[in-house]
Amino acid sequence: MKRAAPWMMVWVLQATPALAVDAGEPCGGVRFESGRIETGRPLAPKGPETEACLKHVAEALKARPAIRSVTLAARLPDAERLDGQGLAVAKAAAEVLVAAGVPRTRVSAVAPPAVPGEPGQLQLAYVERPAQPVVARLRAASGDVSAGTVPAELRPRTTGDALYAGELLLTGKGARAELALADGSTVRLMEDGMLRLGALELMANLRRKVQLELLRGTVETVAAPGGEGSIFEVRTRGAVAGVRGTQFRVSAQEDGISRLETLEGRVGLIAKKGDLDVVGGYGSRAMPDGATEPPRPLLVAPTMVDPRDGTFPVAPKLTWAAVSGARRYRVEVARTADFGAGVRTYDARGAELEVPDLGEGKWFWRVLAVDADGFIGFPSKIFAFDVRP
Amino acid sequence: MSTSPAESARRSSPRRPAVFRALGALVGVALAGVTAATGGAPGFLERGLYDQAVSRWLPEVPRSADMVLVEVDDRALATLGERWPLSRATWARAFRALAAQRPAAVAVDVIFDQPGPREALELGEDVLEALRTSGLAEQPAGAALAADLEARLHAQDGDARLAEALAESGGVILGAAALTEDMPVMPPLEDGALDTPLPLPGTAPRLQARAMAGSIAPLRMAARSSGTLNMLVDGDGVIRRYPYAVGVGGRAWPSLALATALHLMPERAASLRALAATDQGAPLMRLPAPDWLPRVSLADVLHADPASVGLDLALRGKTVFVGVTAMGLHGQSTLPGQVAVPGVEIHAFALDNLRSERLLRSSGLAAWGGVLETAAVLLAFAVLCRRSRSLGAVLRAAVLLSLLHLALVGWLAADPGWVLPLVPAWVGLGLMLVVDSVARGEELGQQRSALRRLFVRYPQGAPETPPGSGQ
């Protein structure tokens, strides 16, 4: 199926960059970014702190089998590089990685000149598996998120990890994963979901081909603008959603029903017994026999009542105005306003919810109304409150 | 009191040519204004003339004494027995061989944006692992075999050896690509950062891109820096401007020529950056002769004796540009008056232009100066038109002003390097000349008609022949 239509980008998701930082670590945090291994603190050429940090980096490297080689650079002032001293420092640091279990064949050391005026430091860069281009990167993850090529070999993944074509991404109960695709699009896999990353081809003039296969659960997609002739498809067992707009959700239910909710733009729903375009504000579904239902309006965003702000000793009761046609409500509480990480999802029958076990700190919350057939409406405005026991 | 139509025509006629002359002048000034607003000269009407001027009439860039092109030519590929792209191991050998000659800098017109093949390495690693797991490596023969295999695998890791060679060289500037919408997609750098962005406050580079692509991280880390290889190609396919800076997401990144210049002359960094910002980071280039850059084949670099005097003379202390010139492999870049120029040579021209401050300026002050100069020429012609009594005198004034304009534009381009629009003033002069000619023709016609009327009247009142004069 080909979908060639003008693309519109109306809404861009703002999210924090992928970080795997823990101030308690020996390096002050380690980040794998754009082929560089960035440490939270500058890495001195030698010393016990450097050694401890390199051991920690070695553990992080061993946990990433896609990384095939590491280059360690000792950038020292010219006076300290004389007679191979710089290279000796780099090789000594490389030996720490090897001693910590990184194969010697994958570690190399160099001593490039330092930037004039800057103190000497160690830098690390890596090369990932070359044959497969990175299709997506995990921008945010909360709960159990794992990925792998076959269901039997799924490994836990964290923010910043690369994902390749053909890999399966799995979210557990209450978990959620946000992917930054290589074409700039954002895909959120909701709880208890399974998504296979298909082809992702980037061509000249912003033309691209993105194919995702939703095996279970719900994905929420914000498609980046693409050039003429671009394809962006989310396939389920019974239907294909071809993007002609920007923001939509697709759900693959256990009973074989595929549900589509278009929040912005226009999305084509293709099933065995017909296809239709679903414009923003409407939803439709493909039944197990391949028939599609006429589009239906999505439920409006609930109006939030309380709390809209403030500090509470315990988690306050969340209340909102009831939405006509809503059978239940999905309440999301998160640590960040983009609802990318640390998201907790609750179901509520009425227009209020007592949230159990919210820890100390700032929390953001929003509510989505769900109709009798499971169609999820527009999200409410986001409000925040603080819990200070 | 009433006026006859003939009288009103006589009264209005002196104003009409002035209005049309002003309109003609306005067309000329508007053309200059459009040229200024669209980035400066040469405008689309005068590109051919500019190409002729810059390639034939402007003084050529003197032959370079301290730059050299090490080319991957057909002979190098045949000697190496490799196809393009060369293996990382070969590149590592090449950079080691170059480093042995102690060049001042090595600018590379190549992007190593993908890791080299690792299938054989991974197979070797698996064998090594199996050797160790089986316990064979604990026996003397097995240990020797494992050590030998490990050493071989280490030697075969092309990316690592290339990184070492780049670091040993100490002055290698790698290529990078600003990803514009019209170029084939390369994997963009995720953080979009090549190295350190250029501080170009208040200047939005003329060339804007959506992302940046570069060599793999270990190579970027080992090299001195990276610079973009992009060119600015005009609508007619000719490269007249060189983008010293490229804008990506509000940050500016240096080109290969600028990055090399900053490495070679750190003491002039501020002035080089200021120069590179000329014409929104993409000034017009002065062109060299076609054989301006001395060339050395990579085959000679790799196979000559490292102690060779010839190689030493060719490379020691020089700025070496490395790029591909083999048939069918290099970009067919077209410069004014020159076709099929390898892109690597254009970076070398650009570096020479920058360090010798030979850049041509055509936007900003130069562009609006061009508008004023065009207006001044046309105003002078308007004044001369009013004072001239004959069409011949007007024609002479137009020719004189055209030549003066040409001389001024030529001198400004050749000496201070300001490229002003040439054609708009000529168009304005031409239109004003036509208007003046027509007006003078009409006036002549009116005078003739008046004379004719007079002559018609005179015979009627002429004295009759005296009676009897003929008798």
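Where in chain A is A:Pro307 found?

A: Happy to. A:Pro307 lies in the loop that runs between strand S23 (304-306) and strand S24 (311-312) of chain A; helices (H or I, at least four residues) and strands (E, at least two) are DSSP runs, numbered from the N terminus. Please keep in mind that this is a predicted model, where local features need pLDDT of at least 70 and side-chain atom pairs count only at pLDDT 80 or more, while totals for chains, interfaces and linings use all residues. Residues are numbered from 1 along each chain as its sequence is written, chains are lettered from A and ligands numbered from 1 in the order in which they are written, and side-chain values use heavy atoms, with hydrogens and water left out.

The peptide bond leading from A:Asp306 into A:Pro307 is cis, its omega near 0°. In chain B, B:Ala41 and B:Pro42 are also joined by a cis peptide bond, with omega about 0°, and B:Pro42 sits in the loop between helix H2 (15-37) and H3. Another backbone detail is B:Asp279 in helix H12 (residues 278-281) of chain B, whose phi is positive, near 50°. Most residues other than glycine have a negative phi, and most peptide bonds are trans.

Back in chain A, A:Arg285 and A:Asp373 form a salt bridge at 3.5 Å, N to O (a side-chain nitrogen of Lys or Arg within 4 Å of a carboxyl oxygen of Asp or Glu). These partners are 88 residues apart, with A:Arg285 in strand S21 (residues 282-286) and A:Asp373 in the loop between strand S29 (361-370) and strand S30 (376-379). Over all chains there are 47 salt bridges.

Now to where the chains meet. Chain B brings 34 residues to the contact and chain A brings 35, with contact meaning heavy atoms within 4.5 Å. About 2700 Å² is buried between them, 58% of it on carbon and sulfur atoms; buried area is the accessible area (1.4 Å probe) that two parts lose on being put together, summed over both. Three salt bridges are counted between the two chains, and B:Glu125 pairs with A:Arg106 in a salt bridge of 2.7 Å, N to O. On the side of chain B that touches chain A, helix H6 (119-134), helix H7 (140-156), helix H8 (158-169) and helix H9 (217-222) each supply at least two residues. That side divides into 16 nonpolar, four polar and 14 charged residues (Ala, Val, Leu, Ile, Met, Phe, Trp, Tyr, Cys and Pro count as nonpolar, Asp, Glu, Lys and Arg as charged, the others, Gly among them, as polar).
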